[in-house]
Amino acid sequence: ALPICYIGQEVIARLNTYSKVKRKLVTVKLIREISNNEPFTIVDDNSNQVGEITTLSKMNSFNEQKALALINIKAMNDQFNLYVNVEGQQFPLTII
């Protein structure tokens, strides 16, 4: 019998094997409520853009807002502090 594979399995295996995946979708926690009127960039301590917010949730009862973000894997491994740019200001975020 032939092995059963899903569409794209070989491509995904190659990406993982050769470390070609550059960004990861992660959940982040924000300390300030932001709206989804514009794209929000994520920067590191050196103000280098390392990602972006893709989806926002509503503020919860703990005054936290969660979001989905695409972040460069290298930035997550470098242990920099990460910030979201909102209206010209930077606010810290935490990867959950």
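This is a predicted model: local features need pLDDT of at least 70, side-chain atom pairs count only at pLDDT 80 or more; totals for chains, interfaces and linings use all residues.
Some ground rules. Local features need pLDDT of at least 70, side-chain atom pairs count only at pLDDT 80 or more, and totals for chains, interfaces and linings use all residues. Numbering starts from 1 along each chain as its sequence is written, and side-chain values use heavy atoms, with hydrogens and water left out.

I'll begin with the sheet. Pairing here requires at least two DSSP bridges between two strands. Strand 2 and strand 5, residues 82–86, are joined by two bridges; isoleucine 42 has valine 84 as its bridge partner in strand 5.

Now aspartate 44, in the loop between strand 2 (40–43) and strand 3 (49–56). Aspartate 44 is buried and has no salt bridge. Buried is under 20% relative accessible area, exposed over 50%, partly exposed in between, with a 1.4 Å probe and protein chains only. A salt bridge needs a side-chain nitrogen of Lys or Arg within 4 Å of a carboxyl oxygen of Asp or Glu. The nearest side chain of opposite charge, lysine 74, is 8.0 Å away. What the side chain of aspartate 44 does reach is the backbone nitrogen of asparagine 48, at 3.0 Å.

Last, asparagine 72, in strand 4, residues 65–72. Asparagine 72 counts as partly exposed because its relative accessibility is 26%. Its C-alpha atom is separated by 10 Å from that of valine 26, 46 residues apart along the chain.

Technical notes:
Helices (H or I, at least four residues) and strands (E, at least two) are DSSP runs, numbered from the N terminus. Lys and Arg count as positive and Asp and Glu as negative; His and the chain ends are not counted. A polar contact is a pair of N or O atoms within 3.5 Å; within protein, one must be able to donate a hydrogen and the other to accept it, and residues adjacent in sequence count only if both atoms are side-chain atoms.
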